[in-house]
Structure formats: C-alpha cells, structure tokens
Amino acid sequence: MSADRSPVAGVDVCVIGAGPAGALVADRLAAAGHEVVILDAGPRFDGETPNRIERMERAIRPAYGRPDVWGVGGERDAYSATGEWFYPLNQARVKGIGGSTLHWQGMVMRLHEDDFASASERGVGVDWPIDYEELRPYYADAETELGVSGADDNPFGPPREEPFPNPAFPPSYSDGLFAEACEELEISMHSVPNARNSEPYDGRSACVGYGTCQPVCPSGAKYDAGVHVESAEEKGATVIDRATVEKLEHGPDRIEAAHYATPEGEYRQTADAFVLAAGGVETPRLLLLSDSEHYPDGLANSSGAVGQYFMDHLFAGAGGVLDEPTRQNHVGFLTSESHQFYDDADEAVGPFKLEFFNYAGPSPVEQALGGDQWGDELLGSLRESYGNHVAVGALVEQLPREDSYVGLDDSETDHLGNPVPDVHWTVGDRALRTLERANELQTRILEELGADVQWTVGPDGTGPAYHHMGTTRMGTDPDESVVNADLRTHDLENCWIASSSTFPTGGALNPTLTIAALALRAAENVDAAL
C-alpha cells in the first residue's frame, strides 16, 4: 500500500528539507499551533530495510563506499563539478528524513566573535548583519535541543552563559599522549562539544561506543534531525517523504505553492509561508530552477547572489605511527581539540582549529575484511600494526569568492528531467597558506610525540569537509545578499531560508550548531509574521 503523499489543506508553513534546520523550524512552529507540512526528497530510513544496524554492517565492509550506506547516487543525485577544484558532492550527503545528521560526526562548536566580523576584525571577507551576542541565546537553545555534551574549558572560545546539557566525554587514551607533547610545545588542549549523549538524554541512550559515528550511529545516542521531525509530528505536523520539490510557484512578492514529485505522481502544496531548508546546494538549485518572468535569473535572485560565494572548510592533517599502543578506533569521534591559534587570523592566514584524532589508521575490522590474511597470520598482523597510529587534523576557513558558486548544468538532468547542480569550487591562496601553517604545527606535535610521520595532507592534497555554506548569503543590502538578518528573503515576503547557505563567511568550525541556532531564530521570525 502506498503512503499518502498528497498535499495538505490549510497549511500555514511549508518546510522544504528535513535536515536539522527544517526539523527544528517545523517543531517550533508546530508547537506554536501552526499547521506545518515538511517535504523532503528522500525516504524515511527508520523502520525500513536495511535498518541502522544493517547499515552499520554495510559501512564497515570494503565492498560498500560511504555513499552506498544511505543510498546516495544515481540519476536522482547526479551533479557536475566544473570548478578549478573537483568537488565530490555525493561523497558525504544524505537525502532523507534527518538529512546530513544521519551521517555527520556530531561536533558542535559556536563560531567565535570575530567570525561574525571578518571584514572589520581580519580585513577580509564580509561582516555578518548580526553579531555573536545576537545569536548567543539561540546557541544556548540549540545546545539544549541537540543535547550537547561538553565542558566550559576552552579558554579561546566565545563567552557562554550556562553549562552544557550533558557533561563532556572524557579525554581518550591518545588524548593523554598528545597532552604531554602539547604541554612541551605550550599548545593548549580542551574538550570538544559533541551532539551525542554522554549520559541518557531526551529519551535517547548514552553513547555505547560502536565507533561508527561516520557514517551511521545505530544506537541513536548521536543526535539526528529525525528526533525533531518526530517531535513535530507529535505536535500535528505532516511529513511527506520522497517528495522532490521541483519548482516554487510565485508572483512578484510571494510564493504560492511548491510543486513536488513523488513515486505516486506530481502535486502542488500551497501554504501561507515557506521555509527553504534543503542545504547549501539544493536550496540555491531550487531557487534557480524556479525562474520566471518576475525573476528571470532565479527566484529571490534580484541581487544575483543566489548560488554565489559557495564555501567549504578545508582539511589539513598529518599522521604516523608510534612504537607503543595508541588505542585508536576505540572512540569514533573527537574528544580533544585546540582553538589556540584560531583568533590569530588576519588577511594573510585564516582561522583554523586543531583536532586530535581517535580514529587514525585502519580499524581491526577494516584490516581483517580488507586483506587476504587468515588465522594466525592475520592475528600476527593485527598485533603488529593495529592501534599504534596517531594523527592530528585541522579545519581551515575558505573565504567567499565570486568564482566559487553553485549553478545549473543544463547539459545533464536528474531523474525528473531537471538540470543538475554544478558545484564550481575555487579555494584561494589564503586558505592554502592556512593549510601550510596548520601542517607546521601538526608536524611539530607529532615529532614531539616521537611519531614516525608517514603522511601529510596540505595544500597539494586537501579536500572538503562537506560543509556547504554561503550560497544564499545573509546581509543588509538587497543588492548584495539574498536574505536579511531575520532570514527572510529580500524579494519575497513569505519566504525564509534556514541553512548554512545563509552564512556570509564560514569561519573554521563545524557549522551545524550555527545552522540550528539560525533555524530557531528563523522559526521565531516566521511565527511572528504569521
């Protein structure tokens, strides 16, 4: 029997996208008594086959790549990458209820104060139309909603107002090894805020240590947006999965309806207000697909900024082996990092944070399944090479650039015949210099530790962190931005965007907590406008 994916009558708010932003917006607006419908292009994974345990098993088998775990690929997810740097979009995205939080690692930091004033404080980029103090209460609210585990032990972070909802995870065994080397080098280490339960919280269990956080947490201890989708449903919201929104029907000032395709047919969902929460690639794509006589260059695009200024965080890393156990892969997430050098950023070198890995080198399962050894030979190999790896990572800021953007590729279409997104990614020299600076510190730490440094990822081999930002930027000037400080589009009175696509700059910290904070701010503004 087919699910009912037909439109809902009398809808106040249509939310497009069921990732963390869309889920939080829907939950808040449903709690305020509004009739809410959520449309998402992907399926509901819970209750389906394979389930999460089976997906975890799939994830650790060498026959499956990371996109296979959540069914990414094929015509539905086709894309182009025509930029100076190839962008492997499908390597780390999920279409489905929960969105990217189904496969994310779960680190949730607040941006630093200077991140909101890059042009003023660092001499590059642009300033946000809001500052840290304006977003600060929403950050606290977001930490409560996600159930963040953390400690107020970061001397370089922005000011806080109350403790984290859950206590921090203790430092790992290898964190202790790093601490000795960092103390000699006068590099400060501190805990990592994680959106996973260190103790039972909000009806979800504490982390049980499967160690497969990316790409799947089978226990539910790591937050995913399905939590708030279900909460919104309990408050009366309607969720329609496998509903690909192809176009937004509109007049000069308002969106009238979302046209969406399902396995059963095509439909038209009307609403008083629309919230676009489909991420930094699909949100601008939908706006560009919704061009009209009113908006010939794409909906809400009188500024020409839709799709422009695509940003990601770049990875820097170095690793090697020690002549002692490091107990790697016992913990599937980071427990220690350093923001010591973050606010040294200027025009020449950007902000970056250091990450002390708990998952360097192959796991015993990967070694066993990925090789051709058996029995005693395999056991001997595992004793020799498992658990003695060590590595330090980093995230580096990429500045917004006009030549880095998401557009449409009219030469290739998806399963519905629509042009696919074209990710035209350009990095910039400042980011490359920042990678070099991070590598210098990483190598010093490993050498102080006594490690045999065997690999480095820097300017010549870096890749993205898959944090899609900047393509519908926030600003005060309608000629240069897509949404205002309230996340409402300048051009349309009933359309808000809740996404990292609204970030004017990206900083060098994982974006999900800021996405959540902005989503809660957007929900407040939508509620006030209805």
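This is a predicted model: local features need pLDDT of at least 70, side-chain atom pairs count only at pLDDT 80 or more; totals for chains, interfaces and linings use all residues.
Let me start with helix α8, residues 279-289, where R285 and E282 sit three residues apart, about one turn of the helix; helices here are DSSP runs of H or I with at least four residues, strands are runs of E with at least two, and both are numbered from the N terminus. R285 and E282 form a salt bridge in which the closest N and O atoms are 3.2 Å apart, and by salt bridge I mean a side-chain nitrogen of Lys or Arg within 4 Å of a carboxyl oxygen of Asp or Glu. Both R285 and E282 are buried, where buried means under 20% relative accessible area, exposed means over 50%, and partly exposed is what lies in between, using a 1.4 Å probe and protein chains only.

Residues are numbered from 1 along each chain as its sequence is written, and side-chain values use heavy atoms, with hydrogens and water left out.

Back to the charged pairs. As a general point, side chains of opposite charge can pair when their charged atoms come close. The structure holds 28 salt bridges, and one of them joins E145 to R28, with the closest N and O atoms 3.0 Å apart. Because E145 lies in helix α5 (residues 132-146) and R28 in helix α1 (residues 20-31), this pair ties together parts that are 117 residues apart in sequence. E145 counts as buried, at 19% relative accessibility, whereas R28, at 27%, counts as partly exposed.

Another salt bridge is the one between K353 and E355, whose closest N and O atoms are 2.9 Å apart. K353 is buried with a relative accessible area of 0%, and E355 is buried as well, with 5%.

Which residues form the negative surface patch? They are E180, E183, E184, D323, E324, E448 and D452. Patches are made of residues with over 30% relative accessible area and no salt bridge, joining like charges within 9 Å and nonpolar side chains (Val, Leu, Ile, Met, Phe, Trp, Tyr) within 5 Å. Asp and Glu count as negative, Lys and Arg as positive, and His and the chain ends are not counted; the place of a charge is taken as NZ of Lys, CZ of Arg, CG of Asp or CD of Glu. Helix α6, residues 173-185, gives the largest share of the negative patch, namely three residues. E324, for its part, is in the loop between β11 (314-321) and β12 (336-338), and at 35% relative accessibility it counts as partly exposed.

There is also a nonpolar surface patch of about 280 Å², made by I53, V208 and Y210, with accessible areas coming from the Shrake-Rupley method with a 1.4 Å probe and, for residues, only the protein chains shown counting as cover. Y210 is in the loop between β5 (190-191) and α7 (226-234), and it counts as partly exposed, at 43% relative accessibility.

That loop between β5 and α7 also contains P215, and the peptide bond from Q214 to P215 is cis, with omega near 15 degrees. In general, most residues other than glycine have a negative phi, and most peptide bonds are trans. Two residues to look at for phi are N329 and Y466: N329 has a positive phi of about 75 degrees although it is not a glycine, and Y466 has a positive phi of about 65 degrees, again without being a glycine. N329 is found in the loop between β11 and β12 and, at 22% relative accessibility, counts as partly exposed. Y466 is found in the loop between β17 (452-457) and β18 (495-497) and is likewise partly exposed, at 21%.

Finally, the cysteines. How many disulfides are there? With a disulfide taken as a pair of cysteine sulfur atoms within 2.5 Å, the count comes to zero. C217 is in no disulfide, and its nearest cysteine sulfur, that of C213, is 6.4 Å away; C217 is buried, with a relative accessible area of 11%.
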